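Subject: Structure handover and what was found in it

Dear colleague,

I am passing this structure on to you, and I would be grateful if you could look through it before reading on. My notes come after it.

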Amino acid sequence: GGILGTLSGGNPTLKCFSADCTVSPSGSSSAESVGGIVGYVCGSQNSITECVFKGILNSNGGQYAGGIIGLVDYDGYNDVGTVQDCINFGEITGGQATGGIIGRMKVRSGTYVNYCVTAYRTTHGGVIGTGNVGGIIGWVDNASYFYVKGCANYATVSSNGSDAVGGIVGRLYGPHSYVRNSVNNGQVTGTGKYMAGIIAKYGV
């Protein structure tokens, strides 16, 4: 990540960090779990708030790329967390599960993504992946009582390969999980199935 590779443990907080840089693997190799602020987040009661990414991120085709976080892994029954008040102004290019804020989230229950924005500016802006691509989150799975609330996307969201391209979320799997009070003002394009302004593909 632009600031941290991994954020783990109980009750860690990442607040008020900003990165204006290029984040990419060396040479032509691909990288997994690449984030503009942090690459991989796991553990319990994590909080990532008021972080901003303004640079260019390219995983060279690796999965789980996000403007703020590459992969959030809240896969234990006591693992919950909040991502809130984060903004991505950058250009995000990845493989499967690419998002303007988060590439992929593996969550159980009680996790929230609130008031996050992926914005477009003249020199940067855009979220490009090969499938499961979202302006806010590329792919959410194992979710129960998971919420995306008050988020906005203004960037172009596109896939140059597979399915599920959404202005807010590419793919959302899980019961009692919602996207609320969120808006997409960006263009959504792709060559596969399942494209939508808010959630491209939803299932339980």
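The notes below go from the whole chain to a few strands and then to the cysteines.

Please bear in mind that this is a predicted model, in which local features need pLDDT of at least 70 and side-chain atom pairs count only at pLDDT 80 or more, while totals for chains, interfaces and linings use all residues. Residues are numbered from 1 along each chain as its sequence is written, and side-chain values use heavy atoms, with hydrogens and water left out.

The secondary structure of the protein chain comes to 0 helices and 31 strands, where helices (H or I, at least four residues) and strands (E, at least two) are DSSP runs numbered from the N terminus. Along its principal axes the C-alpha trace spans about 40 × 35 × 30 Å. Of the 204 residues, 53% count as buried, a word that stands for under 20% relative accessible area, with exposed meaning over 50% and partly exposed in between (1.4 Å probe, protein chains only). Among contacts (heavy atoms within 4.5 Å) with a separation of 6 or more, 82% are between residues 24 or more positions apart.

Turning to the strands, β15 (residues 96-99) is joined to β10 (residues 65-66) by 2 bridges, and these two run parallel; strands pair if DSSP finds at least two bridges between them. On the other pairing, 3 bridges join β15 to β20, again in parallel. T98 in β15 is the bridge partner of A65, and T98 also stands opposite V133 in β20.

V133 lies in strand β20, which covers residues 131-134, and V133 is buried, with a relative accessible area of 0%. Leaving aside neighbours within four places in sequence, V133 is in contact with several residues, including T98, V127, V157, A164 and V169.

Finally, which disulfides does a search of the whole structure find? The search finds 0, a disulfide being a pair of cysteine sulfur atoms within 2.5 Å. The closest cysteine sulfur to that of C51 is in C86, and because it is 4.8 Å away it is too far for a bond. The sulfur of C116 likewise has its closest cysteine sulfur in C86, at 4.7 Å, which is also too far for a bond. C51 is buried, with a relative accessible area of 0%, and C116 is buried with a relative accessible area of 0% as well.
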